[in-house]
Amino acid sequence: MSSITVDNLSKRYDDVVAVDSLSFSVERGEIFGFLGPNGAGKTTTIRTLLGLIAPSAGTATVLGADVHDEDALIEAKRRIGYLPANLGFNDEATGAEVLDYHESVKGGSRRDELLEIFTPPVERPIREYSTGNKRMLGIVQAFMHDPELVIMDEPTSGLDPLKQEEFNEFARNERDRGKTLFFSSHVLSEVRRVCDRVGVLREGVLVGLEDVDTLLRQGGKRVHIQTTDEARTDLTEIDGVIDVQTFAEGIQFIYTGEYNTLLRELATHDVREIEISEPPLEDIFMRYYGSDGGVEPNQEVQSDA
Amino acid sequence: MLETTRYEISRRVRGTTILTVGVSLYVAFIVWYFSLLDPSAYEQIAESLPPAMLDAFGMQSIGSIEGWLGGQIYTFLWLLGLGIYFAYASAAVIAGDIESDRMDLLLSFPVSRSQLLVEKFAALLLPLIALNVVVGGVTYGLVLAIGETIDPMHLALAHLLSIPYLLVCAAIGTVLSVLADRSAVAERAAIGLIFVLWLVESAVGAAEDFAWIQNLSPTHYYAPTPVLIDGSYELVDTGILVAAFLGLLVASQVLFQRRDI
């Protein structure tokens with residue numbers, strides 16, 4: 001049984017379409033990344049799943065409960081954790097007071113264990129918290145009642161790299177314990193490290209449903225080189241070089257081919273500076289899904305969960 | 001059940017204490033001031049005022065301690081001041097949580113929206129009860145301290161009957177809170193609305209053709225001065241207030257249920 005099913009879900013605000021006929025499902029026991037640039041409709045989808053906003057058309061179920069059915073959804077929420085993108089807490093309350101409140105409503109069997117991994121200063125008032133501390137408090141409340149399904153909106157934003165890594169490891173362990181994790185992100189590198197499958201959303205439309213390896217193969221690398229004129233011309237002729245931009249001192253392109261070919265070619269030229277990085281997610285979408293949404297939506301792929 | 005009420009009450013303790021002490025000090029000042037007055041002179045001044053004004057400020061037998069308290073404290077501070085306060089305080093209850101994104105987390109709880117709303121509203125009972133009990137007690141003590149007497153039953157009744165009135169004001173604030181996205185908007189609307197309703201009732205009272213308009217104002221159904229003077233009140237008025245309170249609360253639940261957060 002799927003933990004989340006989204007069926008032709010649409011949400012319109014006056015003349016703006018935030019989410020357009022979205023369909024996908026998240027299987028039990030997988031980490032599903034919901035990927036897309038800011039403003040793609042990720043948060044709208046997530047908030048619909050929790051019953052915060054009503055769909056304009058279509059529907060969705062979480063743990064079997066239809067989002068239109070408040071009673072069923074309330075029952076399901078006992079087994080759901082939620083980490084919103086913007087965390088609101090009462091500033092004058094301490095972290096411990098907030099967790100006490102959450103524990104009284106939904107339970108907190110894992111609270112102490114979680115506070116050993118994520119370490120917000122629970123004795124201090126929340127107004128003194130950094131963004132990272134607030135995020136950690138949010139993570140603790142999302143998992144403290146040991147939910148089956150945890151829905152997270154940009155869970156690692158504001159966490160320092162060390163805590164991000166701890167979070168990723170924690171997420172994988174939770175998956176291994178049989179939990180389902182659904183999270184949105186606009187950072188490809190984050191999603192690739194933890195997710196089994198990803199859904200890619202752009203302008204409210206699901207433009208791809210892939211396992212992570214496929215997405216990364218398609219992603220390529222952004223190569224930025226400072227070099228001479230003739231090297232620039234030679235490089236653009238290699239297979240797999242696309243999106244070329246040249247400027248006074250060098251060249252930048254996306255490389256999707258074999259690494260060795262590129263390195264051999266580079267070795268024959270005078271390279272003064274080189275930077276190889278992950279391309280922005282937006283670029284990957286533009287290239288592989290085209291400006292009109294390209295690929296068949298909802299294409300099914302094998303999950304490796 | 002009531003976890004949210006408990007949490008919200010714990011957050012209201014400080015504000016309630018400050019408010020209760022503040023109101024008690026004001027009462028102390030008013031009672032002390034009465035002890036300095038020559039009551040008959042004051043009665044003469046009151047007679048020279050236009051009836052509409054006497055009505056608006058609940059001035060009746062102003063030379064007696066009951067009339068004095070009714071005009072200076074119960075009609076002005078209690079009816080207008082606390083009416084506005086409770087409308088203002090409840091206006092922030094839902095809109096404030098939505099504006100600060102707290103509502104996202106609260107609605108991830110396995111709790112229905114209507115229950116959440118009622119639980120949050122219920123936390124307002126702390127200032128409501130604390131003010132009535134403490135200020136009522138303080139007033140009685142102070143009146144005795146300046147050598148005057150007041151019927152404790154009348155005083156208690158004036159406080160008791162103010163509760164449905166203040167609940168209506170709080171429920172008006174709650175409806176506005178559910179409709180608005182920002183607490184500042186709901187709060188300003190609540191202050192404005194209670195003030196206008198009070199003004200309408202006071203101003204229109206004299207004009208017979210428009211007298212029906214005053215029926216719209218909750219202030220029309222709570223008249224503390226006669227209660228203090230001779231314990232007289234209309235039970236039907238209290239019934240109307242209770243019905244209005246329940247109606248507004250249900251309306252806010254329905255509106256909250258239907259809106260997107």
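Colleague: In strand β6 of chain A, which residues point one way and which the other, and are they buried or exposed?
Modeller: A:Ile80 and A:Tyr82 point one way from β6 (residues 80–83), A:Gly81 and A:Leu83 the other way, and all are buried. Buried means that 20 or more other C-beta atoms, placed from the backbone, lie within 10 Å of the residue's own; 12 or fewer is exposed, and in between is partly exposed. In a regular strand the side chains alternate between the two faces of the sheet. Mind that this is a predicted model: local features need pLDDT of at least 70 and side-chain atom pairs count only at pLDDT 80 or more, while totals for chains, interfaces and linings use all residues. Residues are numbered from 1 along each chain as its sequence is written, and chains are lettered from A and ligands numbered from 1 in the order in which they are written.

Colleague: What makes β6(A) and β7 of chain A a pair?
Modeller: Two strands pair if DSSP finds at least two bridges between them. Strands are DSSP runs of E, at least two residues, and helices are runs of H or I, at least four, numbered from the N terminus. Four bridges join β6(A) to β7 (residues 149–153), so the pair passes. The two strands run parallel, and A:Leu83 has A:Met152 as its bridge partner.

Colleague: Why are β2 and β5 of chain A called edge strands?
Modeller: The open sheet runs β2-β1-β4-β5 in chain A, with antiparallel pairing. Both β2 (16–27) and β5 (65–66) pair on one side only. For β2(A), that partner is β1 (residues 2–13), joined to it by eight bridges. A:Leu9 faces A:Leu22 across that pair.

Colleague: Helix α1 of chain A packs on the sheet: which strands does it touch?
Modeller: α1 (residues 42–49) touches β1, β2 and β4 (57–62) of chain A, and its direction makes about 115 degrees with that of β1(A). Touching is contact, with C-beta atoms placed from the backbone and lying within 7 Å. The angle comes from lines fitted to C-alpha atoms, over the stretch in contact for helices, and runs from 0 to 180 degrees between N-to-C directions.

Colleague: Why is A:Asn8 not called buried?
Modeller: A:Asn8 has 13 other C-beta atoms within 10 Å, so it is partly exposed. A:Asn8 is in strand β1 of chain A, and its phi is near 50 degrees, positive in a residue other than glycine. A:Ser21 in β2(A) also lands on partly exposed, because its count is 17. Phi of A:Ser21 is positive too, near 45 degrees.

Colleague: How does the reach of α11 of chain B sit against the expected value?
Modeller: α11 (235–258) has 24 residues and reaches 35 Å from first C-alpha to last, close to the expected 34 Å. The expected span is 1.5 Å times one less than the number of residues. Its buried residues, B:Phe245 and B:Leu248 among them, pack against α4, α6 and α8 of chain B.

Note on methods. Two residues are in contact if their C-beta atoms, placed from the backbone, lie within 7 Å.
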